[in-house]
Amino acid sequence: MIDMSNFDDLETRSADARAADQLTALRAQLERAGIEAELTGLEDLSKQPVLRKSDLTEWQKAKPPFGGINVQNITHVFQSPGPIYEPGGSSHDWFRMGRFLHAAGLGADDIVQNCFGYHLTPAGHMFESGARAVGAKVLPAGVGQTELQVTAARDVGTTAYAGTPDYLKIILEKADEMGVTLNITKAAVGGGALFPSLRQYYIDRGISCLQCYATADIGNIAYESAAMEGMIIDEGVIVEIVTPGTGDPVTPGEVGEVVVTTLNPDYPLIRFATGDLSAIMEGASPCGRTNMRIKGWMGRADQTTKIKGMFVRPEQVAALVAHHAEVSKARVVASRAGEQDVMTVHIESAGGDKDAYAQSVAQLLKLKGEIVVVDPGTLPKDGLVIEDQRTYD
């Protein structure tokens, strides 16, 4: 049975107390980042520009390794594909993974087989810092050499697994093949999709498996609890869900891009766009934690699509909406007619000139397309601003 207790008092704050604390921390964070802004509430954060990974890459090229960001108290430098460089610290739970591991039931009695990579990328260190925060011992296993993984798990008495969702299954199947019984009863996973069938496989083997949502740049963003109803936002970040290609928050429940502001004073990232889609859930988790919840990973926000040989990007669709005051939303649909690409642009508008919209589409999207004007509120709230309906079978 997973421990339903809290990691700390932050998890059960009232909404008003959390907002007040975060506003104070956010003001300090903006100052560290060299941003002058008047904040009367957290909603004013949406006035700041979105920082995309492509921007960060360009900053880092100009001012290696961290793009001139005010980075402090770090002990590690990591490299992710791109390349892009991330700082890391060794102070208490610098990546904030302890909150997730505690929610997954890990504690001082556990030995964690950490099967995240320790080379260049930060995942191994992220989960190790979380294990230290909950008092667990760590076997720094990394990935590969499955027979040795099984042998080590047996010999040291591994009770918990940390790694990608599918690699534990490979270890368990190798243990079965070797005739070895392992004592793993808990799993804390990330870095990939935990499909319901895979979670059930672990349950059938007596293993409770929970997942988190984390990135190399931010650390932990959200995590599951024993209630397994959505993912609870970590207490050290502010999460917004915005229309892809913009920095404009969507209405609660609508799918959009996850944008994160970290409150870690050592690495101030303001409105960092993850490129992932999710949606805010209503209410609080039954486990008693009171922070906002999201539905988890729901796809990628970068919907850049090539139509008629030209790339159409979410930012261009956002520019189209902004160009006409009466337009509330737009959606580009790519399809095929015969052997040719067709671009149809659906525009939510209470009125307006269809010909003017066609001119704007040609100017801003660099392509001509069919214009369909629909009433406000008609288009799906699924986070898609570019929908590719073409098949190539």
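Predicted model: local features only at pLDDT ≥ 70, side-chain atom pairs only at ≥ 80, totals over all residues.

User: Why are α5 and α6 called roughly perpendicular to each other?

Analyst: Helices here are DSSP runs of H or I with at least four residues, and strands are E runs of at least two, numbered from the N terminus. The axes of α5 (residues 146–156) and α6 (residues 167–178) cross at roughly 80 degrees and come within 9 Å. Those axes are lines fitted to C-alpha atoms, for helices over the stretch in contact, with angles from 0 to 180 degrees between N-to-C directions. Since 65 to 115 degrees counts as roughly perpendicular, α5 and α6 therefore get that label.

User: Which residues of α5 and α6 meet?

Analyst: Contact means heavy atoms within 4.5 Å. From α5, Thr-146, Glu-147, Gln-149, Val-150 and Thr-151 take part, and they meet Tyr-167, Ile-170, Ile-171, Lys-174, Ala-175 and Met-178 of α6.

User: What makes the largest nonpolar core a core?

Analyst: A nonpolar core is a set of buried Ala, Val, Leu, Ile, Met, Phe, Trp, Tyr and Cys residues joined through side-chain atoms within 4.5 Å. Buried means under 20% relative accessible area, with exposed over 50% and partly exposed in between (1.4 Å probe, protein chains only). The largest such set has 44 residues, and Phe-100, Leu-101, Phe-127 and Val-239 have the most contacts inside it. Among the elements supplying at least two residues each are α3 (98–103), α4 (123–133) and β7 (208–215).

User: What does Phe-100 touch beyond its neighbours within four places in sequence?

Analyst: Its contacts include Phe-127, Ala-188, Val-189, Leu-210 and Tyr-223. Phe-127 is also one of the buried residues in α4.

User: How do you know that β10 and β11 pair?

Analyst: Two strands pair if DSSP finds at least two bridges between them. β10 and β11 have six, in the antiparallel sense, and Val-237 stands opposite Thr-262 in β11.

User: Why are β10 and β12 said to stand at the edges?

Analyst: The open sheet runs β10-β11-β12. β10 and β12 each have a single partner strand, so one side of each is left without a neighbour in the sheet.

Terms used:
Residues numbered from 1 in each chain as written. Heavy atoms only, no water. Parallel < 35°, antiparallel > 145°, perpendicular 65-115°, else oblique.
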